[in-house]
Amino acid sequence: SAGPSFASDALVICNLKGTLKDVKVRQALSLAIDRQAYINTLYKGYAQMPRTLANPGTWGYEKAVFQADWNKLPEPKMNVAKAKQLIQQAHAAGQEIVIGTSSEINSLETAANAVRQAAISIGLKARLKSVSAANYINFFTDAKAREDVDGFLTVNYPDYADPAALYNTVVMPDGSQNYDGFSDPRITAAMNEARTTADQSKRAQLTAKAGDLIMETLPWIPL
């Protein structure tokens, strides 16, 4: 049935020492992904363009605050020319990314190919590292499995209806899904302040601010 979802479909960046260490390269990769084609193929059109990493279905409180933030953010549009400029600025042309996937899981393979095509279209090299469906979980649980990949695909959701519940796992220094020490002092400050703010509206504003910065810095790239 169609309706709001908690889930976000994204590329988890798990190596910030390689090609994706430069935010410009992450931004370029994001700009080059044909999300509409991906959504049409995999979700038959039943998915939203991600203006934030957390899905609108997670807005369990102060919906108006999150909606206002969402409305002012641009819908991610494919812009290969701009992406190529960013790659030039980052001196990253010809560098390689490796994407963790499983050819046994159609949705992962579709997502991995969308990211791979985007990377190639902007002058990066890209290859897939495919593991069995049973072993795919190791990318999340085992640092050794992640060692030779730059990112892997996920459909991820918070444990309760609050974008902060997802963001905490991704961007906080001790986050359970922060796999390579991603840290941005502006995001950490907003998240910490949100956590200690009793006023719901203020808390939502701080969480939304963190979400805006996450879209700029792209520790994960939402699809």
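Predicted model: local features only at pLDDT ≥ 70, side-chain atom pairs only at ≥ 80, totals over all residues.

Biologist: Fine. How many helices and strands are in the chain?

Modeller: The chain has 10 helices and 5 strands. Those are DSSP runs numbered from the N terminus, with helices being H or I of at least four residues and strands E of at least two.

Biologist: And how compact is the chain, going by the radius of gyration?

Modeller: The radius of gyration is 17 Å, close to the 17 Å from the globule rule for 223 residues, so the chain is as compact as a globular protein of that length. The radius is taken over C-alpha atoms, and the rule is 2.2 Å times the number of residues to the power 0.38. Along its principal axes, the C-alpha trace spans about 50 × 40 × 35 Å.

Biologist: What share of the residues counts as buried?

Modeller: 52% of the 223 residues. Buried means under 20% relative accessible area, exposed is over 50%, and partly exposed is in between, with a 1.4 Å probe and protein chains only. As for contacts between residues at least 6 apart in sequence, 73% join residues at least 24 apart; contact means heavy atoms within 4.5 Å.

Biologist: On to the sheet. What's the strand order?

Modeller: β3-β2-β4-β1-β5, an open sheet with mixed pairing. Two strands pair if DSSP finds at least two bridges between them. β3 (125–130) and β5 (220–222) are at the edges with a single partner strand each, so one side of each has no neighbour in the sheet. From one strand to the next, the twist averages 30°.

Biologist: Which pairs run parallel, and which antiparallel?

Modeller: β2 and β3 are parallel, joined by 6 bridges. β2 (residues 96–101) also runs parallel to β4 (residues 151–156), through 2 bridges. β1 and β4 are antiparallel, over 6 bridges.

Biologist: Why would you call β4 largely enclosed?

Modeller: Because 5 of the 6 residues of β4 are buried. β2 has 5 of its 6 residues buried as well, so β2 is also largely enclosed by the rest of the structure.

Biologist: How many residues are in the largest nonpolar core?

Modeller: 59, and those with the most contacts inside it include Leu-11, Leu-29, Leu-153 and Met-191. A nonpolar core is a set of buried Ala, Val, Leu, Ile, Met, Phe, Trp, Tyr and Cys residues joined through side-chain atoms within 4.5 Å. α5 gives the most to this core, with 7 residues. Apart from it lies another core of 7 residues, among them Tyr-61, Phe-66, Trp-70 and Ala-204.

Biologist: What does Leu-29 touch?

Modeller: Skipping residues up to four places away in sequence, its contacts include Leu-11, Ile-97, Val-115 and Ile-221.

Biologist: Switching to α8. Is it mostly covered or open?

Modeller: Mostly covered: 9 of the 9 residues of α8 (residues 163–171) are buried. The cover includes β1, α3 (63–72), β4, α9 (185–195), α10 (200–217) and β5. At the start of α8, a side-chain oxygen of Asp-162 comes within 2.9 Å of the backbone nitrogen of Ala-164.

Biologist: Last one: where is Ala-92?

Modeller: In the loop between α4 (80–89) and β2. Ala-92 counts as buried because its relative accessibility is 2%. Leaving aside neighbours within four places in sequence, Ala-92 contacts Val-25, Ile-87 and Leu-124.

Technical notes. Residues numbered from 1 in each chain as written. Heavy atoms only, no water. Axes fitted to C-alpha atoms, helices over the stretch in contact; angles between N-to-C directions. Polar contact = N/O pair within 3.5 Å; in protein donor to acceptor, adjacent residues only side chain to side chain.
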